[in-house]
Amino acid sequence: MCGIVGIVDSGDVSFPLYYALYALQHRGQESAGIATYDGQTLYKYKSQGLVADVFDKEILCGLKGGAGIGHVRYPTTGEKIPENIQPFTFTFRGRKVAVAHNGNLVNIVNLREEYEKRGQIFCTTTDTEVIGNIIADEYRVSLNVVEAVGMCMRRLQGSYSVVMMLDDEVWAFRDPLGIRPLCIGRTECGYMVASESVAIDALGGSFIRDVRPGELVCLKGNGIESHQIAEASHRAHCIFEYVYFARPDSVIDGRLVYDVRRNIGHSLCEEAPVEADLVSPVPDSGMAHAAGYAEESGIRYREALIKNRYMGRTFIMPTQEAREAAVRMKLNPVRGHLKDRSLILIDDSIVRGTTSRRLVNIVRDAGAREVHMRIGSPAIKAPCYLGVDMPTRGELIASDLDNGEVCSSIGATSLHHISIGALIRAIGIPKEDLCTGCLTGEYPLAIGSERCCPREVTCVAKHYQAGLESFSGE
Ligand code: 5GP
Ligand code: MG
């Protein structure tokens, strides 16, 4: 998972990029970077850490120019080494290029091998560098960006929302299945693309629309060009964006994430009602789900756990050890709300089970009599290969335990996960247009020996001019 942004504006874009990345911080806390271009020079700054720790005023003032892209990283592929921090930048045929990517390519090993056999040298272990190289290689042949991206999209398999700065133009494209989000906005004096609409809100901009799956857009000073490069028979939007990943105030592919989560809460109550004294969220990820449950059940909503919002970077590091320490430090029970009470505790998901087990312990220690866990996603049974950090079946508690076994393992009084059908209704997007790989083990494209129900993708690159539309003056 990662967050990406690209902006073209009449003034310098470094501060707007910074604010946008700040709004996308939840999508990646490991590192952050910005690249800009001022008509002559490519400027870049990237480092490990949170956006606010990586940049200061002096650094931002040094990132000059009216075009730029930015990235926050949560590593799924590639090691945690400084070279892997995005955007990835290079010069090609006199053009200054920067690329940033959210997603995960499933054919990356083959692609890298193919290019290495041709003598290509790679400086990082990220998918992003491979994407940059394929585009450069194709551009060398055609000298046409649209054609080069079109050829590149034919080669990439997996999830990818990409922003690319090419001198003073910002290009952005989204995989034909629309697995990861990407949207377009208008700022006071320019245009932007970002992983989520909250980044547009952060700049006081207005949301225009989502980038369509398979679409390539180019932001220019005076408008946006659109090229439909590929079309798929069905989409495969990631359900986990709605359940957990995106911010609740984002609108993704036409759905307000907060409302999806509230709907999930309603369904959880319909599917597994229980008598209890209070409904409580696991903050912050279960809050909207719990609000929905409380609304539907009429049981009062009361926070039983309070989150420490000032946790440093150390506790957000994506390792198992740090994760365990994080749960201990992050949440404190409100004993006065819990003593001798029965509690419905709502979280968005159980992945490894570590969080739920500890939380049940914490609220029981604080005096809770019963702890009924209600979970906003169905049991996660299979890995995600498309960008969410759910690596192997062995690490997923529900991959070989049934509901009763998971309930005992985490020590809850009762446990219910929302059904797949109810989750799909809560999202409001047809089942065929969603990726539910982590729930069903059936993926929207071929991945190794996993089961798949592939979407048919047609490349329409040859006809891209027909899809040209300008937003200038809209
Ligand atoms: P568990 O402890 O069961 O592995 O994780 C479940 C908790 O982690 C839930 O509270 C959920 O909000 C959160 N979570 C789910 N997916 C991710 C992820 O990809 N990264 C991080 N940092 N947290 C996650
Ligand atoms: Mg959580």
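Predicted model: local features only at pLDDT ≥ 70, side-chain atom pairs only at ≥ 80, totals over all residues.

Q: What makes the contact of α5 and α6?
A: From α5 the contact takes I131, I134, I135, E138, Y139 and S142, and from α6 it takes V145, E147, A148, V149, M151, C152 and R155. By class, the residues of this contact divide into nine nonpolar, one polar and three charged.

Q: How do you know whether V149 is buried or exposed?
A: V149, which is found in helix α6, has 0% relative accessibility, and since buried means under 20%, V149 counts as buried. Leaving aside its neighbours within four places in sequence, V149 is in contact with I135, M164, F173 and L216. The C-alpha atoms of V149 and A172, which lie 23 residues apart along the chain, are separated by 9.8 Å.

Q: Why are α9 and α10 called oblique to each other?
A: The axes of α9 and helix α10 (residues 287-297) come within 6 Å and cross at roughly 45 degrees; roughly parallel would need an angle under 35 degrees, and roughly perpendicular starts at 65, so α9 and α10 are oblique to each other. Their crossing is right-handed.

Q: Which residues of α9 and α10 meet?
A: On the α9 side they are Y258, R261, R262, I264, G265, H266, L268, C269 and E270, and on the α10 side A288, H289, A291, G292, Y293, E295, E296 and S297. The residues of this contact divide into seven nonpolar, five polar and five charged.

Q: How do helix α9 and helix α15 cross, and what is the handedness of the crossing?
A: The axes of helix α9 (residues 257-271) and helix α15 (residues 420-427) come within 8 Å and cross at roughly 145 degrees, and the crossing is right-handed. In this contact V260, N263, I264, S267 and E271 of α9 meet A422, L423, A426 and I427 of α15. By class, the contact of α9 with α15 has six nonpolar, two polar and one charged residues.

Q: Why does H417 count as buried?
A: H417 has its place in strand β23, and its relative accessibility is 12%; because the cut-off for buried is under 20%, H417 counts as buried. Apart from its neighbours within four places in sequence, H417 is in contact with L268, E271, I350, I375, S377, P378, A379 and N403.

Q: How do you know where the buried residues of α14 lie around the helix?
A: The buried residues of helix α14 (residues 403-410) are V406, C407 and I410. Seen down the axis of α14, these buried residues fall within an arc of 100 degrees, so they line one face of the helix.

Q: What covers the buried residues of α14?
A: The cover includes α13 (354-365), β22 (370-375) and β23 (414-417), and β23 is the strand in which H417 has its place.

Terms used:
Residues numbered from 1 in each chain as written. Chains lettered and ligands numbered in written order. Heavy atoms only, no water. Contact = heavy atoms within 4.5 Å. Helix = DSSP H or I, 4+ residues; strand = E, 2+ residues; numbered from the N terminus. Nonpolar A, V, L, I, M, F, W, Y, C, P; charged D, E, K, R; others polar. Buried < 20%, exposed > 50% of the residue type's maximum accessible area, 1.4 Å probe, protein only. Arc of directions from axis to C-beta. Axes fitted to C-alpha atoms, helices over the stretch in contact; angles between N-to-C directions. Left-handed = near helix turned anticlockwise from the far one by under 90°. Parallel < 35°, antiparallel > 145°, perpendicular 65-115°, else oblique.
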